[in-house]
Amino acid sequence: MDLLPGMQLSRLSDATAGADGGVNADGGSSSTARTRRVAKQMLKQLGRAYGQMIFDSRGGVVHADPHPGNILISPAPLSGGITVGLVDWGQSKRLELAQCLRLAAVVDALCTAGDTAGRASSAEVMRTYRQLG
C-alpha cells in the first residue's frame, strides 16, 4: 500500500474559505478563481484516471465510490498544479467490454463538458449516463 498525501476534497472548501480575500483583475475573488482552476484540473485528472481504469489491461476494474471523502488533492510543485488520488477501493467493479464502452462515452462527455459546446455537452453527459443502465 502506498502513502497518498493530500487533503480530502470534502475538506477543501473549509481549508480555502477566506484564504486571502484578494480580488483578481476581473473583479472576482482570487480565492474563487483559484478554486475554479483547481476544480478544472481535478475533473480532468479524474476523467483521465477513469479512462485508464476502464481500458486498463487488467480488465476494466473501476473505483465505484468516488465521493468527495474518497478523493484526495495535493499540490504538484513541479507542474504548479495538483495531483488527484482515489482512496478506499472497497467498492470497485470489473466491467464487461460493453459496459466499458458505455462508461467511456460518459467519461468523454464529462471531459468535454466545459468546452464551447456548453449546454449541448451537458445533455450529452445525461444521455450517455442514462445508457449505462
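Mentor: A pocket here is an open set of grid points where a 1.4 Å probe fits, with protein on both sides within 12 Å along at least five of seven lines. Rolling a probe the size of a water molecule over the atoms shows where empty space is left. Keep in mind that this is a predicted model.

Start with the largest pocket. Its volume is about 850 Å³. The lining has 26 residues, and Tyr50, Leu103, Val106, Val107 and Leu110 are the closest to the centre. H3 provides the largest share, seven residues. Sorted by class, the lining of the largest pocket holds 15 nonpolar, six polar and five charged residues.

Now look at H3 itself. This helix has 15 residues. From first C-alpha to last, H3 reaches 21 Å, close to the 21 Å expected at 1.5 Å a residue. Its buried residues are Cys100, Leu103, Ala104, Val106, Val107 and Ala109. Leu103, Val106 and Val107 also stand among the residues closest to the centre of the largest pocket.

Next comes the second largest pocket. Its volume is about 320 Å³. Here 13 residues form the lining, and Ala49, Gln52, Met53, Leu86 and Trp89 lie nearest the centre. H2 and strand S4 (81-86) are the elements that give two or more residues to this lining. H2 supplies the largest share, six residues. The lining of the second largest pocket divides into seven nonpolar, three polar and three charged residues. Take Met42 as one example. Leaving aside neighbours within four places in sequence, Met42 is in contact with Leu9, Ile71, Ile73, Ile82 and Val84.

Move to S3, where Ser74 sits. Is Ser74 buried or exposed? Ser74 is buried, because its relative accessible area is 13% and the cut-off for buried is under 20%. Beyond neighbours up to four places away, Ser74 is in contact with Pro5, Gly6, Ile82 and Thr83.

Pro66 lies in the loop between S2 and S3. Pro66 counts as partly exposed because its relative accessible area is 42%, between the 20% and 50% cut-offs. Apart from neighbours within four places in sequence, Pro66 is in contact with Tyr50 and Ile71. Tyr50 is one of the residues closest to the centre of the largest pocket, and Ile71 is one of the contacts of Met42. Pro66 and Leu86 are 20 residues apart in sequence, and their C-alpha atoms are 7.3 Å apart in space. Leu86 is among the residues nearest the centre of the second largest pocket.

Leu86 leads on to Leu4, which touches Leu72, Gly85, Leu86 and Val87, not counting residues up to four places away in sequence. Leu4 is in the segment before strand S1 (7-8). Its relative accessible area is 36%, so Leu4 is partly exposed. Leu4 and Leu72 are 68 residues apart in sequence, yet 8.0 Å apart in space, C-alpha to C-alpha.

One more loop is worth a stop. Asp88 is found between S4 and strand S5 (92-94). The phi of Asp88 is near 60°, a positive value in a residue other than glycine. Most residues other than glycine have a negative phi. At 45% relative accessibility, Asp88 is partly exposed.

Finally, step back to the whole chain. The protein chain has four helices and five strands. Along the sequence, the pattern is β-α-α-β-β-β-β-α-α. Of the 133 residues, 26% count as buried. Among contacts between residues at least 6 apart in sequence, 57% join residues at least 24 apart. The pair Leu4 and Leu72, 68 residues apart, gives you one separation to look at on the model.

Methods
Residues numbered from 1 in each chain as written. Predicted model: local features only at pLDDT ≥ 70, side-chain atom pairs only at ≥ 80, totals over all residues. Heavy atoms only, no water. 1 Å grid on protein atoms, 1.4 Å probe; cavity = no way out; pocket = protein on both sides within 12 Å on 5 of 7 lines; lining within 4 Å. Points joined across faces, edges and corners; volume = space filled by probe spheres on them. Nonpolar A, V, L, I, M, F, W, Y, C, P; charged D, E, K, R; others polar. Expected span 1.5 Å × (residues − 1). Buried < 20%, exposed > 50% of the residue type's maximum accessible area, 1.4 Å probe, protein only. Contact = heavy atoms within 4.5 Å.
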